[in-house]
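Work through the following exercises with the sequence and the 3D structure open beside you, and try each task before reading its solution.

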Amino acid sequence: MIKIYDSFSQTLKPLINHEKTVQLYLCGPTVYHYIHIGNARPVLVMDVLHRLLIHQKYQINYVHNITDIDDKIINQAIAQKTSPNVISEKYTLAYLADLKTLNIISPTMMPKVSDYLPPIINFINSLINASYAYISDDDVYFNVSKIPDYGSLSHKKITDLIPNLELQKGAFKNNPLDFALWKKTKIGINWNSPWGQGRPGWHTECVTFVHELFNGQTIDLHGGGIDLKFPHHENERAQFYAHHQTELAHIWWHNGHVNLANEKMSKSLNNTVLVKDFCQKFHPNVLRFLMLNRNHQQPITFNSLTLDYAIITIKRYENILKQWTYQLFINNSQQVGNYDQLYYQAIINHLSNNLDTTNTITVIETMIKQIKTAIVKQDFSQNQKDVFATLVFGFEILGFNFQFGNYTSNIKLKIKKWEQLKNQKNYQAADQIRAELQDLNII
Ligand SMILES: [Zn+2]
């Protein structure tokens, strides 16, 4: 049974308590820029959950939205002297490319806000009709005082929130905590609505997706970065509750901060904090390792030590995968194996326990050690092959993408030649073939 920590109840809860499709929602990016490596954390962790659910043969509806309507996009368009559409399309494609680079399994749906204006307007209308929202002279606002436990998701007291918000109090709001569902404007991209030209508010966009794409049911898990808990998720929950008189999500999942502010870190990264730049400089597995070698709810501070460790570790893993494959080949043996039940169960148990990726990596390390010893001892028994098969499974379920063992007939010939030359002590010729095999990324 998969259990995940729920930020609302602050307890570990079973993710699935039904036989139906598993319903997941993860807040997506606002597409006005390339994403930096911190933005990749939620989607990387959710990818592990997605992989675990696929492995366990669940039906999954995983929605990850694209916020392509936002003031940030409009401002970026003005700055770049182009249209908001050009900006949002460019960075949507860039985001999809980043997900591909990071070896993320595609979510079931990645809806764009701009395709959902009629449902968003209907949703706002229903809140107005039910007296949870009101039309003021400037915008349409949600009436927070109608939700008695408003603030409970983020564990905040309303009285503590008001002083901070007093400054932003709109002239036409009843309460400083009330938030805009529809922003009336004729500037930038805008749509017609019963309340005049304007744009939807961000909190309403996400909740409309949940409302529309899961048939109005309480979903199994709603996720996002810890920064989104308040006000974004609090406001999503309030609107859903107003509409359905029930909770939006069974589990609210939040990942910890990624702190990149450290000066040394920026230096060792040469300021390559964008995912696309990072993945050009380092293997995408390095970023995945940095994210997964830490409990997902804890903050991560990247420094040059953790980065170096990740680079070395990924190289070490890759070498073992290649060495084992190579050794089997020259020993005329085949890698066929079932999962080693002990290691396999350990991986499943750790991941089922609040996606404990760090302990899963510890299991991987144990298997790496065992395979290393097997190579030294030239032990290619079935038992070791089973461990290797489980090791590969461990990498796959964590989403690592290693290339190894794709031997074409040409490569096979080269390997045989190299072994032959070494046996003949013809080291000069052997070295040349070794260099070729290295260039081909075989050894
Ligand atoms: Zn959202």
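Two residues are in contact if their C-beta atoms, placed from the backbone, lie within 7 Å. This is a predicted model, in which local features need pLDDT of at least 70 and side-chain atom pairs count only at pLDDT 80 or more, while totals for chains, interfaces and linings use all residues. Residues are numbered from 1 along each chain as its sequence is written.

**Exercise 1.** Find the residues that leucine 181 touches, leaving out those up to four places away in sequence.

Solution. Leucine 181 touches Ile124, Leu127, Ala133, Val140, Tyr141, Phe142, Pro200, Gly201 and Thr204.

**Exercise 2.** Determine the strand order of the open sheet of four strands.

Solution. Begin with the terms: strands (E, at least two residues) and helices (H or I, at least four) are DSSP runs numbered from the N terminus, and two strands pair if DSSP finds at least two bridges between them. The order is β5-β6-β7-β8, with antiparallel pairing. The edge strands, each pairing on one side only, are β5 (133-135) and β8 (198-200). Next, look at β7 (residues 179-184), which three bridges join to β8; lysine 183 has arginine 199 in β8 as its bridge partner.

**Exercise 3.** Describe how helix α2 (residues 71-79) packs on helix α3 (residues 84-101).

Solution. Axes are lines fitted to C-alpha atoms, for helices over the stretch in contact, and angles run from 0 to 180 degrees between N-to-C directions. The two helices, α2 and α3, pack at about 110° with their axes 8 Å apart. Therefore α2 is roughly perpendicular to α3, a term that covers 65 to 115 degrees. Finally, the contact involves Ile73, Ile74, Gln76 and Ala77 of α2 together with Pro84, Val86, Ile87 and Ser88 of α3.

Definitions and conventions: Parallel < 35°, antiparallel > 145°, perpendicular 65-115°, else oblique.
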